[in-house]
Amino acid sequence: MAKVPHNPQHLRLASYNIRKAKGVDGRYDTGRIVDILARLDTDVVAAKEAAIRAAVARDRRPTAILGDFNEWSPACGLEPLRADFTVHAPGKSFHAAMPMATVDRIALSRDIALTDGGVVQTPQSLRASDHLPIWGDVVIDRAA
């Protein structure tokens, strides 16, 4: 698959439910997920059902990965990302009925700073899904 070109003046967003990197062939292969996303040349990836345990090969552009990382531990499981990303957990987002886990996270390349973030906990969001939505405000350091 060739790289999908886009205008560098625009942000490219992508969403991918990767099912913990388990393909329809039954194999767990985070490498092929990374390859697919790299070819999309994205700026922001909303990774759904992501158990990211492999290094994410990226170019030097500001990069954000956000979504359900399906990682319950605050101390382990995200080490491959920490070389190139700062991983933020804006708050407890799962289960919406009784939030007790920070499985939804935001991973930012070193040239992006999180200035604020949180979890949306409203009567409507408590019913709409088993996860509460997370959000983050960021600043991109173009000089980095």
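Analyst: We can start with N70, which lies in the loop between β3 (64–68) and α2 (79–82). The model is a predicted one.

User: Why is N70 called partly exposed?

Analyst: The relative accessible area of N70 is 22%. Buried means under 20% and exposed means over 50%, so N70, at 22%, is partly exposed.

User: What is phi of N70 near?

Analyst: Phi of N70 is near 50°, which is a positive value in a residue other than glycine.

User: Why does D111 count as buried?

Analyst: D111 has 9% relative accessibility. The cut-off for buried is under 20%, so D111 counts as buried. D111 is found in the loop between β5 and β6 (112–119).

User: What makes the pair D111 and S109 a polar contact?

Analyst: The side chains of D111 and S109 come to 2.4 Å. A polar contact needs N or O atoms within 3.5 Å, one able to donate a hydrogen and the other to accept it. The pair is therefore listed as a polar contact.

User: Is S93 buried or exposed, and how do you know?

Analyst: S93 has 0% relative accessibility. That value is under 20%, so S93 counts as buried. S93 has its place in the loop between β4 and β5.

User: What is S93 in contact with?

Analyst: Leaving aside neighbours within four places in sequence, S93 is in contact with A101, V103, D104, V119, D130, H131, L132 and I134. With D104 there is also a polar contact between the side chains, at 2.5 Å; the limit for that label is 3.5 Å.

User: Which peptide bond is cis?

Analyst: The bond from F94 to H95 is cis, with omega near -10°. H95 is found in the loop between β4 and β5.

User: What makes β5 a mostly covered strand?

Analyst: Six of the six residues of β5 are buried. D104, I106 and L108 point one way from the strand, while R105, A107 and S109 point the other way, and all are buried.

User: How does β4 (residues 85–88) compare, face by face?

Analyst: In β4, F85 and V87 make up the covered face, and T86 and H88 the uncovered one.

User: How do you know that β4 and β5 pair?

Analyst: Four bridges join β4 to β5 (residues 104–109). Pairing needs at least two bridges, so the two strands count as paired. They run antiparallel. In β5, I106 is the bridge partner of H88, and L108 stands opposite T86.

User: What makes β3 and β5 a pair?

Analyst: Five bridges link β3 and β5, in the antiparallel sense. The cut-off is at least two, so this is a pair as well. I65 has A107 in β5 as its bridge partner.

User: Which residues form the largest nonpolar core?

Analyst: The largest nonpolar core has seven residues: I65, F69, L78, L81, F85, V87 and A107. Such a core is a set of buried residues of listed nonpolar types, joined through side-chain atoms within 4.5 Å. In soluble globular proteins, nonpolar side chains tend to be buried together.

User: What is A107 in contact with?

Analyst: Apart from neighbours within four places in sequence, A107 is in contact with T63, A64, I65, F69, L81, F85, T86 and V87.

User: Why is D141 called partly exposed?

Analyst: D141 has a relative accessible area of 42%. Exposed would need over 50% and buried under 20%, so D141 is partly exposed. D141 is found in the segment after β7 (134–140). D141 and R110 are 31 residues apart in sequence and 8.9 Å apart in space, C-alpha to C-alpha.

User: What does the secondary structure of the protein come to?

Analyst: There are three helices and seven strands. Along the sequence the pattern is β-α-β-β-α-β-β-β-α-β. Of the 144 residues in the protein, 36% are buried.

Note on methods
Residues are numbered from 1 along each chain as its sequence is written. This is a predicted model: local features need pLDDT of at least 70, side-chain atom pairs count only at pLDDT 80 or more; totals for chains, interfaces and linings use all residues. Side-chain values use heavy atoms; hydrogens and water are left out. Buried means under 20% relative accessible area, exposed over 50%, partly exposed in between (1.4 Å probe, protein chains only). Contact means heavy atoms within 4.5 Å.
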